[in-house]
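This briefing covers the secondary structure, the strand pairings and a few packing contacts of one protein. Please keep the model open while reading.

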Amino acid sequence: MVHVLFDDWLYLDIEGRPTVCGQEETTRLYKSRMKSVRAAFIDCTVKHITEPLLESAFTSDHIVQHERMGPNVYQVIGALKTDIERVHRYFKPVPVVSLVPYPVALRAFLNGRGLLFKDKAVIFLDDLKTQAVLTIIEGARLTAPRRISMRDVAYMVSEIQRHQKNYISQKEEGAASRDIAFIIVSNNHEWLTAFCDHGLLTKEDIIHVDHSCPVLEGLKNAKFAMHFALPEDILKQKRRKTVRGILKAATVSMA
């Protein structure tokens, strides 16, 4: 099983060895060795809505998955069909047995490391070398990942602060949500030190993790109910289930 964060660059875990390659290089060096793939993708949108609005949460050009957050409240994640098709098309004929959004795999990583807190929201800043990715996770609640191409610390601080404000404003409980405490987790120790120097948070509110691509650890160590399959594959699966049901009923009837 190969674990991959799929983007313009591919972040791979092959036989326990992490590496970063362009798509052409990955095809040339590694694709022939792949028997199956578990993958994550970055570009997605996250919405928190009530049950009657589930069907209208995204337009028809999206593939959508959801998870229950509470009575009549759902976390809905959508991705463009073209983006999902691109992942499946790239690995073909290697089967993609699991394709999950980046923040879902990141949540699995944080949970496995004991870094999800009841009283704090985690701001995770992922140093992927080619870019930084910013995500906020509070328990099971997620935000859509935000790419940051500039590695200037002052700019990253302003982006983190803006993302914090947006997160607070989108919380459902109004004034109560303004009491949220935040903690910053990153795989770049220098950034964390610089954030303290800029007065963003104190040293007690930062945590460094020792993984070059934490999402890969999340993919390896967790099971996911969420899978972004192609629409035609979902239809084939439904047809197979229907046929199996008919055959089973016929067998019982003949018995």
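Is E159 buried or exposed? With a relative accessible area of 6%, E159 is buried, because the cut-off for that class is under 20%. The model is predicted. In it, the protein has 7 helices and 14 strands, and 47% of its 255 residues count as buried. Among the contacts with a separation of 6 or more, 63% are between residues 24 or more positions apart.

**E159 and its surroundings**

- E159 is part of helix 4, which covers residues 153-170.
- Leaving aside residues up to four places away in sequence, E159 touches L134, R146 and I148.
- With R146 there is a polar contact between the two side chains, at 2.5 Å.

**Helix 4 with helix 5**

- Helix 5 spans residues 189-197, and its axis comes within 10 Å of the axis of helix 4, with a crossing angle of roughly 75 degrees.
- The two helices are therefore roughly perpendicular, the class used for angles of 65 to 115 degrees.
- On the helix 4 side the contact involves V153, M156, V157 and I160, and on the helix 5 side W191, A194 and F195.
- By class, this contact has 7 nonpolar residues, no polar ones and no charged ones.

**Helix 3 with helix 6**

- Helix 3 (residues 102-112) and helix 6 (residues 214-221) cross at roughly 75 degrees, and their axes come within 7 Å.
- Helix 3 is therefore roughly perpendicular to helix 6.
- Helix 3 contributes Y102, A105, L106, A108 and F109 to the contact, while helix 6 contributes P214, V215, E217, G218 and L219.
- The residues of this contact divide into 8 nonpolar, 1 polar and 1 charged.

- Strand 4 runs over residues 37-41 and is mostly covered, with 5 of its 5 residues buried.
- In a regular strand, side chains alternate between the two faces of the sheet.
- In strand 4, V37, A39 and F41 point one way, R38 and A40 point the other way, and all are buried.
- Strand 1 (residues 2-6) pairs with strand 4 in the parallel sense over 5 bridges.
- In that pairing, R38 of strand 4 has H3 opposite it.
- Strand 8 (residues 96-101) is also joined to strand 4 by 5 bridges, and the two run parallel.
- A40 has V100 of strand 8 as its bridge partner.

**The open sheet 5-7-6**

- An open sheet is formed by 3 strands in the order 5-7-6, with antiparallel pairing.
- Its edge strands, each pairing on one side only, are strand 5 (45-50) and strand 6 (62-70).
- On average, neighbouring strands of this sheet are turned by 25 degrees against each other, direction ignored.

Definitions and conventions. Residues numbered from 1 in each chain as written. Predicted model: local features only at pLDDT ≥ 70, side-chain atom pairs only at ≥ 80, totals over all residues. Heavy atoms only, no water. Axes fitted to C-alpha atoms, helices over the stretch in contact; angles between N-to-C directions. Helix = DSSP H or I, 4+ residues; strand = E, 2+ residues; numbered from the N terminus. Parallel < 35°, antiparallel > 145°, perpendicular 65-115°, else oblique. Contact = heavy atoms within 4.5 Å. Nonpolar A, V, L, I, M, F, W, Y, C, P; charged D, E, K, R; others polar. Buried < 20%, exposed > 50% of the residue type's maximum accessible area, 1.4 Å probe, protein only. Pairing = 2+ DSSP bridges. Polar contact = N/O pair within 3.5 Å; in protein donor to acceptor, adjacent residues only side chain to side chain.
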